[in-house]
Amino acid sequence: MKFTPKPTSHINDMTIKTGKLAPRNPAISIVIMSVNSSSMVSRAIESVITHHEYAEIIVVNTGEGTLTHIISKFLEKIILIETSYRQYAGGTRNIGIKHAKGPVVAFLASDCVASENWVSLKLKRHSEGHKMVATAIEPLSNKGGKAGVLERCAYLYIHRERIPEISIKYSSPYGLSYNRDLFTIFGLFNESLQTNEDFELNRNIMKFNQPLWDKEIIYYHEYPRELRDLISDFMARGRRQAFYSQTQEKRSLAYIVARSIKRNFDTLVILMKNKEVIRKRGFSAIFLGYFFSFFQCVGHFASKKKVY
């Protein structure tokens, strides 16, 4: 379904509810991003509020419905911002930034859960002088047990660069928290992009400031657990990535597919060379993930259809 987000500066129906117990002088602002009143957002809020009462939590919900009843038990301690105009991640991030009071701003998607020390370690690293601090990822099921093989397949090939045991040589600085003054200097996120909205901003900032990778800073991400969902997710990611590469990078479809195949093969080689990855994630997940990753290439061919 084609969809063009309304610029956040033109939104005229935004509601802001500030809880009376929300921190007034927070050390950090956490922007939790929700689309169409996702019920998963309650889990994300709880993961932060349980361990980090000094953090300002700003929940930004765009699109259909309201989160008021879903997260009613948290309303006294958070800021809830809602609009009926659905946004891509860039617009949602920007709404949160504009209302954040903390000197550090971090982001958490509604399908993610923060680890117990996610906020405290971020603050520690920022206090040491780092202006951007990255986040490693674990499958959500690992929080209470062990992720299934399909979850591990998706994890290894979608977020290869953010596996805690991957070497810093192959890591990528995503899941960043930022010193808030960086947004004053470099601007905000691109609101028109379905994907890679953070890549463009980060690229500009990284000309002057390099982000810190610390494998101990982790949040947990929800991955598909059923075969149909896994294939659908790979294809949707392939569509979004190809659309971005065609429209923003001006790449041909042939180039995009070839690059994707090469990246998947490189991922296989890197993972197989890492004994710690093999021990923790398993041979079967590595090889099955390589097979399923080709559905991402299939998704490239459907990139003319903009799917959120």
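Colleague: Which residue does Arg160 form a salt bridge with?
Modeller: In this predicted model, Arg160 forms a salt bridge with Glu161, and the closest N and O atoms of the two are 3.6 Å apart.

Colleague: Are those two buried or exposed?
Modeller: Arg160 and Glu161 are both buried.

Colleague: And what about Arg259, which residue does its side chain meet in a salt bridge?
Modeller: The side chain of Arg259 meets that of Glu249, with 3.3 Å from N to O.

Colleague: How many salt bridges does the count come to?
Modeller: The count comes to 20 salt bridges. Among them is the one in which the side chains of Arg93 and Glu197 meet, at 2.9 Å from N to O. Arg93 lies in helix H2 (residues 89-99) and Glu197 in helix H6 (residues 197-205), so this pair ties together parts of the chain that are 104 residues apart in sequence. Both Arg93 and Glu197 are buried.

Colleague: Which residues are linked in a network of salt bridges?
Modeller: Arg43, Glu151, Glu222 and Arg225 are linked in such a network.

Colleague: Back to H7, how far apart are its end C-alpha atoms, and what should its residues span?
Modeller: The end C-alpha atoms of H7 are 31 Å apart, and this agrees with the 30 Å that its 21 residues should span at 1.5 Å a residue.

Colleague: Which residues of H7 are buried, and what covers them?
Modeller: The buried residues of H7 are Leu230, Asp233, Phe234, Ala236, Gly238, Arg239, Arg240, Ala242, Tyr244, Ser245 and Gln246. What covers them includes helix H4 (149-158), H6, H8, helix H10 (283-292) and helix H11 (294-300).

Colleague: Switching to strands, in what order do the three strands of the open sheet come?
Modeller: The order is E6-E10-E8, and the pairing in this open sheet is mixed. Strand E6 (112-114) and strand E8 (136-139) stand at the edges, each with a single partner strand, so one side of each is left without a neighbour in the sheet. From one strand to the next, the twist averages 35°.

Colleague: In what sense do E8 and E10 pair, parallel or antiparallel?
Modeller: E8 pairs with strand E10 (residues 218-221) in the parallel sense, over four bridges. On the residue level, Pro139 has His221 in E10 as its bridge partner.

Colleague: Last topic, how many disulfides does a search of the whole structure find?
Modeller: The search finds zero disulfides. Cys112 is in no disulfide, and the nearest cysteine sulfur, that of Cys153, is 19 Å away, whereas a disulfide would need the two sulfur atoms within 2.5 Å. Cys153 is likewise in no disulfide, the nearest cysteine sulfur being that of Cys297, 16 Å away.

Colleague: And are Cys112 and Cys153 buried or exposed?
Modeller: Cys112 is buried, with a relative accessible area of 3%, and Cys153 also counts as buried, at 0% relative accessibility.

Technical notes: Residues are numbered from 1 along each chain as its sequence is written. This is a predicted model: local features need pLDDT of at least 70, side-chain atom pairs count only at pLDDT 80 or more; totals for chains, interfaces and linings use all residues. Side-chain values use heavy atoms; hydrogens and water are left out. Buried means under 20% relative accessible area, exposed over 50%, partly exposed in between (1.4 Å probe, protein chains only). Two strands pair if DSSP finds at least two bridges between them. Helices (H or I, at least four residues) and strands (E, at least two) are DSSP runs, numbered from the N terminus. Axes are lines fitted to C-alpha atoms, for helices over the stretch in contact, and angles run from 0 to 180 degrees between N-to-C directions. A salt bridge is a side-chain nitrogen of Lys or Arg within 4 Å of a carboxyl oxygen of Asp or Glu. The expected span of a helix is 1.5 Å times one less than its number of residues. Contact means heavy atoms within 4.5 Å.
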